[in-house]
Amino acid sequence: MILELRQVKTNINQFRILEDITFAVPEGQVTVILGRNGAGKTTTLRSIMGLAPPARGQILLDGKALEGLPPHVIARKGVGFVPEDQAVFSALTVGENLRLAMRRRDKAAEARLAFVLDVFPDLKEKLTRKGGGLSGGQKQMLAIGRALVQDNRVLLVDEPSKGLAPIMVEKLAEALRLIRAQTTVVLVEQNFALASAVGGRYVIIDDGRTVREGVLSELEQDRELLRRYLGISTGQRGRAG
Ligand SMILES: Nc1ncnc2c1ncn2[C@@H]1O[C@H](COP(=O)(O)OP(=O)(O)OP(=O)(O)O)[C@@H](O)[C@H]1O
(Lines give C-alpha, C1' and ligand atoms only; values in the text may rest on other atoms or scores of the structure.)
Protein backbone atom coordinates (compact mmCIF):
# COMPACT_ATOMS: atom_id res chain seq x y z
CA MET A 1 0.00 0.00 0.00
CA ILE A 2 1.44 3.33 -1.00
CA LEU A 3 -0.78 5.37 1.34
CA GLU A 4 -2.52 4.39 4.56
CA LEU A 5 -4.75 6.27 6.96
CA ARG A 6 -5.29 4.80 10.40
CA GLN A 7 -7.93 6.16 12.75
CA VAL A 8 -7.42 9.72 11.60
CA LYS A 9 -9.26 12.32 13.65
CA THR A 10 -9.25 15.94 12.55
CA ASN A 11 -10.68 19.03 14.20
CA ILE A 12 -11.40 22.32 12.51
CA ASN A 13 -12.11 25.31 14.75
CA GLN A 14 -12.76 23.05 17.78
CA PHE A 15 -15.22 20.95 15.78
CA ARG A 16 -14.45 17.28 15.36
CA ILE A 17 -14.81 16.90 11.59
CA LEU A 18 -13.14 13.52 11.09
CA GLU A 19 -13.88 10.89 13.76
CA ASP A 20 -12.21 7.80 12.38
CA ILE A 21 -10.90 7.67 8.85
CA THR A 22 -9.13 4.40 8.10
CA PHE A 23 -8.32 3.14 4.62
CA ALA A 24 -5.48 1.98 2.42
CA VAL A 25 -4.58 3.05 -1.11
CA PRO A 26 -2.91 0.51 -3.41
CA GLU A 27 -0.30 1.78 -5.87
CA GLY A 28 -1.12 2.40 -9.53
CA GLN A 29 -4.90 2.60 -9.30
CA VAL A 30 -7.60 5.17 -8.73
CA THR A 31 -9.13 4.94 -5.27
CA VAL A 32 -12.41 6.83 -5.15
CA ILE A 33 -13.68 8.47 -1.97
CA LEU A 34 -17.46 8.58 -2.00
CA GLY A 35 -19.92 10.08 0.44
CA ARG A 36 -22.66 12.61 0.87
CA ASN A 37 -22.14 16.38 1.01
CA GLY A 38 -20.43 17.29 4.26
CA ALA A 39 -19.33 13.70 4.97
CA GLY A 40 -15.68 14.75 5.32
CA LYS A 41 -14.19 13.89 1.93
CA THR A 42 -12.43 17.19 1.32
CA THR A 43 -11.21 17.30 4.91
CA THR A 44 -9.72 13.82 4.42
CA LEU A 45 -7.67 15.04 1.46
CA ARG A 46 -6.68 18.18 3.37
CA SER A 47 -5.60 16.03 6.32
CA ILE A 48 -3.37 13.88 4.11
CA MET A 49 -1.83 17.05 2.66
CA GLY A 50 -1.23 18.57 6.11
CA LEU A 51 -3.59 21.48 5.37
CA ALA A 52 -6.00 20.25 8.05
CA PRO A 53 -3.54 18.43 10.30
CA PRO A 54 -4.99 15.44 12.16
CA ALA A 55 -5.27 15.67 15.92
CA ARG A 56 -4.80 11.91 16.22
CA GLY A 57 -4.13 8.87 14.08
CA GLN A 58 -1.56 7.98 11.47
CA ILE A 59 -1.07 8.81 7.82
CA LEU A 60 1.64 6.74 6.15
CA LEU A 61 3.27 7.18 2.75
CA ASP A 62 5.25 4.05 1.92
CA GLY A 63 4.98 3.17 5.59
CA LYS A 64 6.51 6.46 6.77
CA ALA A 65 4.57 8.97 8.83
CA LEU A 66 3.26 12.07 7.09
CA GLU A 67 1.08 13.33 9.92
CA GLY A 68 2.53 16.36 11.67
CA LEU A 69 4.63 17.43 8.69
CA PRO A 70 3.90 20.81 7.09
CA PRO A 71 2.17 20.81 3.66
CA HIS A 72 5.26 21.88 1.69
CA VAL A 73 7.25 18.95 3.09
CA ILE A 74 4.41 16.54 2.31
CA ALA A 75 4.31 18.00 -1.22
CA ARG A 76 8.05 17.44 -1.61
CA LYS A 77 7.61 13.81 -0.65
CA GLY A 78 5.50 13.40 -3.77
CA VAL A 79 1.93 14.05 -2.72
CA GLY A 80 0.05 16.41 -5.06
CA PHE A 81 -3.26 18.06 -4.26
CA VAL A 82 -5.70 19.42 -6.84
CA PRO A 83 -8.39 21.30 -4.88
CA GLU A 84 -11.91 21.87 -6.14
CA ASP A 85 -11.40 25.49 -7.12
CA GLN A 86 -9.33 24.85 -10.28
CA ALA A 87 -6.52 27.09 -9.09
CA VAL A 88 -4.40 28.21 -12.03
CA PHE A 89 -2.50 31.43 -12.73
CA SER A 90 -4.93 33.50 -14.81
CA ALA A 91 -2.35 35.96 -16.12
CA LEU A 92 0.05 33.26 -17.28
CA THR A 93 -0.30 31.12 -20.39
CA VAL A 94 -1.09 27.41 -20.22
CA GLY A 95 2.54 26.63 -21.08
CA GLU A 96 3.85 28.99 -18.39
CA ASN A 97 1.48 27.50 -15.83
CA LEU A 98 2.83 24.03 -16.58
CA ARG A 99 6.51 25.02 -16.67
CA LEU A 100 6.21 26.94 -13.43
CA ALA A 101 5.01 23.75 -11.75
CA MET A 102 8.19 21.86 -12.69
CA ARG A 103 10.48 21.24 -9.76
CA ARG A 104 13.45 20.70 -12.03
CA ARG A 105 14.02 21.37 -15.70
CA ASP A 106 15.43 18.04 -16.74
CA LYS A 107 14.65 15.37 -19.30
CA ALA A 108 12.29 13.56 -16.97
CA ALA A 109 10.31 16.76 -16.35
CA GLU A 110 10.12 17.45 -20.11
CA ALA A 111 8.86 13.89 -20.62
CA ARG A 112 6.18 14.44 -17.98
CA LEU A 113 5.15 17.68 -19.68
CA ALA A 114 4.85 15.82 -22.99
CA PHE A 115 2.73 13.19 -21.21
CA VAL A 116 0.43 15.89 -19.80
CA LEU A 117 -0.09 17.34 -23.27
CA ASP A 118 -0.87 13.86 -24.63
CA VAL A 119 -3.33 13.22 -21.84
CA PHE A 120 -4.99 16.62 -22.30
CA PRO A 121 -5.06 17.52 -26.02
CA ASP A 122 -7.19 20.56 -25.11
CA LEU A 123 -4.19 22.02 -23.27
CA LYS A 124 -1.86 21.27 -26.17
CA GLU A 125 -4.09 23.35 -28.46
CA LYS A 126 -4.13 26.24 -26.01
CA LEU A 127 -0.50 26.40 -24.88
CA THR A 128 -0.20 30.12 -25.57
CA ARG A 129 -3.65 31.00 -24.20
CA LYS A 130 -3.89 32.74 -20.81
CA GLY A 131 -5.09 30.55 -17.93
CA GLY A 132 -7.86 33.06 -17.18
CA GLY A 133 -9.36 32.55 -20.63
CA LEU A 134 -9.90 28.81 -20.25
CA SER A 135 -13.24 27.13 -19.62
CA GLY A 136 -13.91 25.53 -16.24
CA GLY A 137 -13.10 22.09 -17.60
CA GLN A 138 -9.86 23.28 -19.19
CA LYS A 139 -8.81 24.97 -15.93
CA GLN A 140 -9.45 21.68 -14.16
CA MET A 141 -7.26 19.91 -16.72
CA LEU A 142 -4.55 22.53 -16.26
CA ALA A 143 -4.68 22.16 -12.46
CA ILE A 144 -4.30 18.37 -12.78
CA GLY A 145 -1.59 18.85 -15.43
CA ARG A 146 0.38 21.08 -13.07
CA ALA A 147 0.29 18.40 -10.40
CA LEU A 148 1.40 15.78 -12.94
CA VAL A 149 4.50 17.61 -14.17
CA GLN A 150 5.70 17.69 -10.55
CA ASP A 151 6.45 13.98 -10.52
CA ASN A 152 4.06 13.17 -7.73
CA ARG A 153 3.69 9.61 -6.46
CA VAL A 154 0.17 10.19 -5.21
CA LEU A 155 -2.30 12.65 -6.63
CA LEU A 156 -5.24 13.82 -4.49
CA VAL A 157 -7.98 15.21 -6.72
CA ASP A 158 -11.06 16.84 -5.20
CA GLU A 159 -14.27 16.52 -7.22
CA PRO A 160 -12.89 17.40 -10.63
CA SER A 161 -16.23 16.93 -12.40
CA LYS A 162 -18.06 19.52 -10.34
CA GLY A 163 -19.84 21.99 -12.61
CA LEU A 164 -18.45 20.52 -15.82
CA ALA A 165 -20.39 19.74 -18.99
CA PRO A 166 -20.81 16.00 -19.73
CA ILE A 167 -18.34 16.15 -22.63
CA MET A 168 -15.66 17.54 -20.31
CA VAL A 169 -16.42 14.86 -17.73
CA GLU A 170 -15.88 12.25 -20.46
CA LYS A 171 -12.56 13.81 -21.41
CA LEU A 172 -11.56 13.84 -17.75
CA ALA A 173 -12.40 10.15 -17.42
CA GLU A 174 -10.28 9.35 -20.45
CA ALA A 175 -7.38 11.36 -18.99
CA LEU A 176 -7.66 9.72 -15.56
CA ARG A 177 -7.50 6.30 -17.19
CA LEU A 178 -4.15 7.26 -18.75
CA ILE A 179 -2.88 8.93 -15.58
CA ARG A 180 -3.59 6.00 -13.28
CA ALA A 181 -1.02 3.87 -15.11
CA GLN A 182 1.70 6.29 -13.97
CA THR A 183 0.48 7.87 -10.76
CA THR A 184 -1.64 6.59 -7.90
CA VAL A 185 -4.78 8.71 -7.70
CA VAL A 186 -7.09 9.37 -4.76
CA LEU A 187 -10.23 10.89 -6.20
CA VAL A 188 -13.12 12.50 -4.35
CA GLU A 189 -16.02 12.16 -6.74
CA GLN A 190 -19.79 12.25 -6.37
CA ASN A 191 -20.39 11.61 -10.04
CA PHE A 192 -20.78 7.84 -9.84
CA ALA A 193 -20.52 7.40 -13.60
CA LEU A 194 -17.06 9.02 -13.60
CA ALA A 195 -16.04 7.20 -10.42
CA SER A 196 -16.94 3.80 -11.82
CA ALA A 197 -15.33 4.58 -15.20
CA VAL A 198 -11.90 5.20 -13.68
CA GLY A 199 -11.89 3.77 -10.17
CA GLY A 200 -10.45 0.49 -8.98
CA ARG A 201 -11.28 0.72 -5.31
CA TYR A 202 -13.72 2.78 -3.30
CA VAL A 203 -13.92 4.14 0.21
CA ILE A 204 -17.22 5.43 1.59
CA ILE A 205 -17.06 8.18 4.19
CA ASP A 206 -20.07 9.15 6.27
CA ASP A 207 -20.17 11.56 9.16
CA GLY A 208 -16.37 11.69 9.47
CA ARG A 209 -15.93 7.90 9.50
CA THR A 210 -15.02 5.35 6.89
CA VAL A 211 -17.96 2.99 6.66
CA ARG A 212 -16.97 0.75 3.76
CA GLU A 213 -14.00 -0.02 1.55
CA GLY A 214 -13.83 -2.38 -1.41
CA VAL A 215 -13.70 -3.00 -5.14
CA LEU A 216 -15.72 -0.47 -7.09
CA SER A 217 -17.19 -2.94 -9.58
CA GLU A 218 -18.86 -4.75 -6.66
CA LEU A 219 -20.39 -1.55 -5.33
CA GLU A 220 -22.58 -1.20 -8.37
CA GLN A 221 -24.44 -4.34 -7.31
CA ASP A 222 -24.95 -3.10 -3.77
CA ARG A 223 -27.98 -0.91 -4.30
CA GLU A 224 -28.71 -0.62 -0.60
CA LEU A 225 -25.25 0.79 0.09
CA LEU A 226 -25.51 3.23 -2.79
CA ARG A 227 -28.88 4.42 -1.61
CA ARG A 228 -27.92 4.69 2.03
CA TYR A 229 -24.64 6.53 1.75
CA LEU A 230 -24.69 8.13 -1.65
CA GLY A 231 -28.35 8.83 -2.28
CA ILE A 232 -28.31 6.90 -5.55
CA SER A 233 -31.54 5.00 -6.12
CA THR A 234 -31.93 1.79 -8.08
CA GLY A 235 -31.15 2.13 -11.74
CA GLN A 236 -29.86 5.69 -11.47
CA ARG A 237 -26.19 6.09 -12.22
CA GLY A 238 -25.94 9.83 -12.50
CA ARG A 239 -24.99 12.39 -9.94
CA ALA A 240 -25.45 11.49 -6.31
CA GLY A 241 -27.12 13.71 -3.77
N1 LIG B 1 -13.59 25.65 8.35
C2 LIG B 1 -14.60 24.92 8.81
N3 LIG B 1 -15.24 25.28 9.96
C4 LIG B 1 -16.28 24.55 10.44
N5 LIG B 1 -16.75 23.45 9.84
C6 LIG B 1 -16.17 23.04 8.73
C7 LIG B 1 -15.06 23.74 8.13
N8 LIG B 1 -14.69 23.10 7.02
C9 LIG B 1 -15.53 22.05 6.90
N10 LIG B 1 -16.41 22.02 7.91
C11 LIG B 1 -17.47 21.02 8.11
O12 LIG B 1 -16.90 19.73 8.08
C13 LIG B 1 -17.76 18.80 7.46
C14 LIG B 1 -17.03 18.05 6.39
O15 LIG B 1 -16.67 18.94 5.34
P16 LIG B 1 -15.97 18.45 4.01
O17 LIG B 1 -15.79 19.63 3.13
O18 LIG B 1 -14.78 17.65 4.34
O19 LIG B 1 -17.09 17.50 3.41
P20 LIG B 1 -17.21 16.87 1.97
O21 LIG B 1 -17.56 15.45 2.18
O22 LIG B 1 -16.00 17.16 1.16
O23 LIG B 1 -18.46 17.61 1.41
P24 LIG B 1 -18.71 18.40 0.05
O25 LIG B 1 -19.03 17.36 -0.94
O26 LIG B 1 -19.89 19.25 0.40
O27 LIG B 1 -17.47 19.19 -0.25
C28 LIG B 1 -18.96 19.58 6.96
O29 LIG B 1 -20.02 19.40 7.86
C30 LIG B 1 -18.47 21.02 6.98
O31 LIG B 1 -19.54 21.89 7.24
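In the predicted model, Ile 33 has Val 188 as its bridge partner in β8. This contact belongs to the pairing of strand β3 with strand β8, which spans residues 184-188. The two strands run in the parallel sense and are joined over 4 bridges. Strand β3 also pairs with strand β9, residues 201-206. That pairing is again in the parallel sense, over 4 bridges. Within it, Thr 31 stands opposite Arg 201 of β9.

Strand β3 itself covers residues 30-34 and is mostly covered. Of its 5 residues, 5 are buried. Val 30, Val 32 and Leu 34 point one way from the strand. Thr 31 and Ile 33 point the other way. Residues of both sets are buried.

The ligand site was examined next. The residues surrounding the ligand are Ile 12, Asn 13, Phe 15, Ile 17, Gly 35, Asn 37, Gly 38, Ala 39, Gly 40, Lys 41, Thr 42 and Thr 43. Two elements, β2 (15-25) and α1 (41-49), each give two or more residues to this shell. Helix α1 gives the most, with 3 residues. By class, the shell holds 7 polar, 4 nonpolar and 1 charged residues.

Backbone geometry was considered at two positions. Asn 13, one of the residues around the ligand, has a positive phi of about 50° although it is not a glycine. Asn 13 is found in the loop between β1 and β2. Is Asn 13 buried or exposed? Asn 13 has 5 other C-beta atoms within 10 Å. A residue with 12 or fewer such neighbours counts as exposed, so Asn 13 is exposed.

Gln 7 also has a positive phi, near 45°, and is a residue other than glycine. The place of Gln 7 is in strand β1, residues 3-12. Gln 7 has 15 C-beta neighbours inside 10 Å. Burial requires 20 or more, and exposure 12 or fewer. Gln 7 therefore counts as partly exposed.

Notes:
Residues numbered from 1 in each chain as written. Predicted model: local features only at pLDDT ≥ 70, side-chain atom pairs only at ≥ 80, totals over all residues. Pairing = 2+ DSSP bridges. Near = placed C-beta within 6 Å. Nonpolar A, V, L, I, M, F, W, Y, C, P; charged D, E, K, R; others polar.
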